[in-house]
Amino acid sequence: MSALAILARARDAGVNIAVDGDDLLLTAPAQPPAAIVDLLAQHKHELIALLRPCSDDWMTEDWQAYFDERAGIIEYDGGVSRPEAEVRALDACIAEWLRRNPVRGSSERCLRCGGATRSDDTLLVFRGDSAGAWLHVQCWLAWSSHRNAEARSALAAMGLGSQGNS
Ligand SMILES: [Zn+2]
């Protein structure tokens, strides 16, 4: 289940979630269902990353400028069409967004499933997109595509990518 889906579930259950430093702050009118609390605990790091105000200091204008600059370079230097250049420029923005919005986990728990090292799958730290994302090898692919989707939607919200360039 993605962090977004968990958030939606928690909100449906009346649980309000905020970030307080490195912790989630839960408020609810009544005792929330244990299943929800467990989910939130398991996915704490992802939820914090999702909810924390963007720690990167680039504003929408900076992202748009970066995107335009990349697209221009790729279009002219790479000799590709503008639409193709924009697709590649978006990929560059995604990589930059991931670099600027790292998720730091702990070596105790897998960022995706919340589990510890298993005998058949030890936790490894992946530095491809994060400063220290500890994950099971088997969890990495799903985590990575989730992070990608997160970057894509953050950029789309700023007018970059499919939803913004109509
Ligand atoms: Zn895992």
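Colleague: What helices and strands does the protein have, and in which order do the elements run?
Modeller: In this predicted model, the protein has six helices and four strands. From the N terminus on, the order is α-β-β-α-α-α-α-β-β-α.

Colleague: What makes a residue count as buried, and what percentage of the protein does so?
Modeller: A residue is buried if 20 or more other C-beta atoms lie within 10 Å of its own C-beta atom. Of the 166 residues, 25% count as buried.

Colleague: Why is a set of residues called a nonpolar core?
Modeller: The name applies because its members are buried residues of kinds such as Ala, Leu, Phe and Cys, joined through C-beta atoms within 7 Å. The largest such core here has 14 residues, and F67, A89, L90, C93 and L155 have the most contacts inside it. At least two of its residues come from each of α4 (60–78), α5 (82–100) and α6 (137–157). The largest share, six residues, is supplied by α5. A second, separate core of 10 residues includes L111, L123, A133 and W134.

Colleague: Why is α5 called roughly perpendicular to α6?
Modeller: Their axes cross at roughly 110 degrees. Angles of 65 to 115 degrees count as roughly perpendicular, and therefore α5 is described as roughly perpendicular to α6. The two axes come within 9 Å.

Colleague: Which residues of α5 and α6 meet?
Modeller: From α5, L90, C93, I94, W97 and L98 meet R147, N148, A151, R152, A154 and L155 of α6. By class, this contact has eight nonpolar, one polar and two charged residues.

Note on methods
Residues numbered from 1 in each chain as written. Predicted model: local features only at pLDDT ≥ 70, side-chain atom pairs only at ≥ 80, totals over all residues. Buried ≥ 20, exposed ≤ 12 C-beta atoms within 10 Å, placed from the backbone. Axes fitted to C-alpha atoms, helices over the stretch in contact; angles between N-to-C directions. Parallel < 35°, antiparallel > 145°, perpendicular 65-115°, else oblique. Contact = placed C-beta atoms within 7 Å. Nonpolar A, V, L, I, M, F, W, Y, C, P; charged D, E, K, R; others polar.
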